[in-house]
Amino acid sequence: MMKAVAVTDRDVRGLTRAEVDERRARGQGNDERLPASRSIAHILRANVLTRFNAILGTLFAAIVIVGPPQDALFGFVLVLNTLIGVVQEIRTKRTLDRLAVLAAPHVRVRRDGEVIELTDDDLVVDDVVELGPGDQVPLDGLAIEGLLEVNESLLTGESEPQTKEAGSELLSGSFISSGSGAYRVTKVGVDSYANRLASEARQFKLASSELRDGINRILQIVQWLIIPVAALLITSQVVGHSDLPDAVRSCVAGVGAMIPEGLVLLTSITFALAVAHLARQRVLVRELPAVEGLARVDVLCVDKTGTLTTGGIVADDFDPVGDHDGESVAAVLGALAGVEDRPNATLAAIGERWPAPDGRSASRAIPFSSARKWSAADFGTNGTWVLGAPEILLAASNDASDDDVRRRVEEAASQGRRVVLLATTTAALKEPAVLDAAAPPPSGLRPVAIVRLSDEVRSDAAETLAYFAEQGVEVKVISGDSATTVAAIASSVGVGGADEPVDVRGVDDEDLAGLIVKHSVFGRVTPRQKRAMVAGLQQAGHTVAMTGDGVNDVLALKDADVGVAMGAGSAATKAVAELVLLDNSFAAMPPVIAEGRRVIANTERVANLFLTKTAYATLMAIVIGITGVAYPLLPRHLTIVSYFSIGTPAFLLSLLPNATPFHPGFVDRALRFSIPCGLIAGGATLIAYFVADDVGLSLYEQRTMALIVLLACGIWILSLLSRPLNRAKGGIVALMCAGAGGALFIGPIRSFFAIHLPPAAQAVELTVIILSAGFLLEVAYRMLKNTAGLTAYVEPD
């Protein structure tokens with residue numbers, strides 16, 4: 001929408017402090033706050049108000065009524081676990097909020113005759129904001145100065161930039177592709193377009209996660225399973241026994257044991273700890289499942305600039321073409337660099353090397369864009385000059401020197417140098433407002449000078465790339481620079497396939513999808529092509545991470561499975577990325593990938609402990625419900641089993657390093673392991689219980705025999721999931737054995753937990769049952785390990 005707009009003195013100087021305060025008092029400040037993390041109320045609801053907490057809370061109340069308090073221990077553990085989860089998530093929230101402030105984009109605002117940097121929260125109606133390449137439009141408004149190419153793809157899906165002149169409407173959420181200018185804020189808060197369109201989508205939420213979805217699927221199965229099994233158990237215990245308090249305790253033990261209450265909690269804590277760990281390494285995680293996404297990544301797409309190189313560019317020198325003298329060429333280069341208020345890195349380096357001469361201004365200028373790959377200016381009597389990619393400019397030239405220029409450009413590019421070409425023409429520049437985003441340069445160009453620039457290669461790039469190669473992560477270098485230049489730098493840091501670079505000028509999306517799978521280094525890539533390359537990899541079944549720092553990376557970052565932005569990158573890149581590397585270090589990526597793999601591999605490992613418990617508890621509940629005998633364990637007995645064979649070791653295992661690559665199919669693997677192992681453990685426990693009854697032991701002694709067998713089977717299963725054992729995992733297993741032994745043989749503890757050791761004559765039966773169960777567990781483990789599924793999460797020896 002184009003409106004006539006008059007630039008006032010207030011637009012030039014900006015609002016005064018009094019005018020800002022007056023607008024805030026009228027409610028015209030930008031008070032809409034979009035949280036960087038979940039609110040504390042949301043965290044409390046997510047951790048407290050769950051179905052399983054409601055079931056366990058009901059069981060806890062029943063035990064409180066019938067006693068004794070020892071059987072209500074699971075309730076205190078439940079409260080403690082929930083408290084730990086809440087505290088950890090709140091700590092992580094505060095860390096994320098602090099980092100979000102550091103990563104928050106700042107805008108350049110005119111106030112009291114000066115240009116200052118503020119966050120968009122500080123803006124009010126009528127503020128004048130200066131914009132340049134890579135800036136995201138913070139609020140709706142009207143352009144009042146300059147010429148801007150604005151990309152509205154994040155709002156409309158349209159990837160082609162739109163030209164905006166004075167009077168054009170700018171929508172919040174769009175970003176500047178090229179050009180510079182200023183605009184006046186007209187709408188703030190919920191009235192701003194992006195907030196009206198998608199404020200709900202922009203708020204913090206948990207994105208889709210295979211691990212979370214798998215756990216939720218398992219929990220749904222368990223919820224439906226509990227209903228009939230619990231009904232059977234309760235009926236048999238309450239109806240068939242005269243001792244009502246013992247029947248209630250049996251029901252509580254049987255139903256409570258079926259609930260994998262710690263699984264969701266441990267998953268949340270593990271994710272939260274991972275986010276906190278990454279935050280200490282100055283990596284901002286915007287969505288928790290992004291940590292899981294990192295584990296699945298098998299292709300990493302990177303731009304050369306800011307990733308393999310530091311992003312710093314130095315203009316070295318230039319070679320005149322023909323009889324053009326060096327002094328006039330330097331003056332033109334300086335004048336071109338001085339045309340744009342917010343030049344890109346290349347123009348900034350040129351302007352620093354060759355300052356703009358006095359008295360030379362452009363009557364018309366076309367700013368540089370990643371899609372065009374050239375910029376131009378008409379200096380009147382001093383001529384029309386174009387600066388850009390040599391391949392693009394030479395395509396518009398018919399000069400006799402073209403072949404020699406190509407040879408010299410190729411020679412410089414093969415040495416890893418960044419090369420741009422300066423050319424002149426007598427053709428008039430088109431009006432920028434009607435210029436197509438990917439328009440070719442003016443016709444009739446004559447090469448004037450070859451300008452050479454240097455990128456500084458990151459000292460840690462080679463080591464970082466070697467890590468990805470070891471982890472089976474392919475690296476694709478995608479750059480807007482010359483394919484030859486990109487290949488030279490990629491080769492110097494060890495990128496595989498750098499000897500076959502691909503220039504993708506003019507390549508359509510269908511061909512790109514095939515090329516991106518087969519090759520590793522690409523040059524002269526446009527923003528639209530980067531997006532198509534990410535889509536091509538995803539269509540080929542890859543999980544793609546994309547790193548970037550410039551406006552030309554925004555579309556690809558948005559579409560990648562995991563978008564990673566540099567902290568010093570443009571506001572637009574940070575707005576769409578799931579991760580922000582605040583220290584701008586590519587070397588931070590290996591720890592990030594490793595953390596993702598550790599989280600998902602360990603969570604899968606310990607989930608099997610909780611699900612095995614559900615499996616054996618379900619078996620015991622069904623058998624006891626059918627036979628009508630007393631339940632073989634008291635609630636306090638299950639507290640011991642849970643503490644030493646499930647909860648504590650699961651938490652400790654979740655903290656250990658684990659580099660196991662991601663494999664899909666978590667639910668199937670978990671069920672294939674936990675069901676047979678749970679049936680073996682539950683069957684052995686029931687056999688011990690029935691054997692003890694058969695030889696005439698008291699109910700207390702029968703239950704103790706069942707407890708000993710279940711503890712032994714639980715720790716045996718723990719040892720299976722800890723393999724291959726190392727010092728840390730072996731120590732965890734040994735510690736759990738020692739703790740379980742202490743609970744069984746220390747007098748006061750035995751008394752508290754109603755443990756009555758059976759006579760020594762039953763030691764043989766216990767030993768036979770435990771060893772038989774262990775043998776079956778070993779057989780099941782080896783059979784499962786040899787299948788394609790189990791090897792996916794069992795660490796290699």
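A disulfide is a pair of cysteine sulfur atoms within 2.5 Å. By that criterion, a search of the whole structure finds zero disulfides. The model is predicted, so local features need pLDDT of at least 70 and side-chain atom pairs count only at pLDDT 80 or more, while totals for chains, interfaces and linings use all residues. Residues are numbered from 1 along each chain as its sequence is written, and side-chain values use heavy atoms, with hydrogens and water left out.

**Cysteines**
- C713 is in no disulfide, and the nearest cysteine sulfur, that of C677, is 10.0 Å away.
- C713 is buried at a relative accessible area of 2% (buried means under 20% relative accessible area, exposed over 50%, partly exposed in between, with a 1.4 Å probe and protein chains only).
- C301 is also buried, at 0% relative accessibility.

**Q529**
- Q529 lies in helix 20, residues 527-539 (helices, H or I of at least four residues, and strands, E of at least two, are DSSP runs numbered from the N terminus).
- Q529 is buried, at 3% relative accessibility.
- Beyond its neighbours within four places in sequence, Q529 is in contact with V504, G506, V507, L512 and R524 (contact means heavy atoms within 4.5 Å).

**Backbone geometry in loops**
- The peptide bond from R723 to P724 is cis, with omega near -5°; P724 is in the loop between helix 26 (699-721) and helix 27 (727-745).
- D126, not a glycine, has a positive phi of about 80°. D126 sits in the loop between strand 2 (114-119) and strand 3 (128-131) and is buried at 18% relative accessibility.
- N584, not a glycine, has a positive phi of about 60°. N584 is in the loop between strand 21 (579-581) and helix 23 (589-627) and is partly exposed at 23%.
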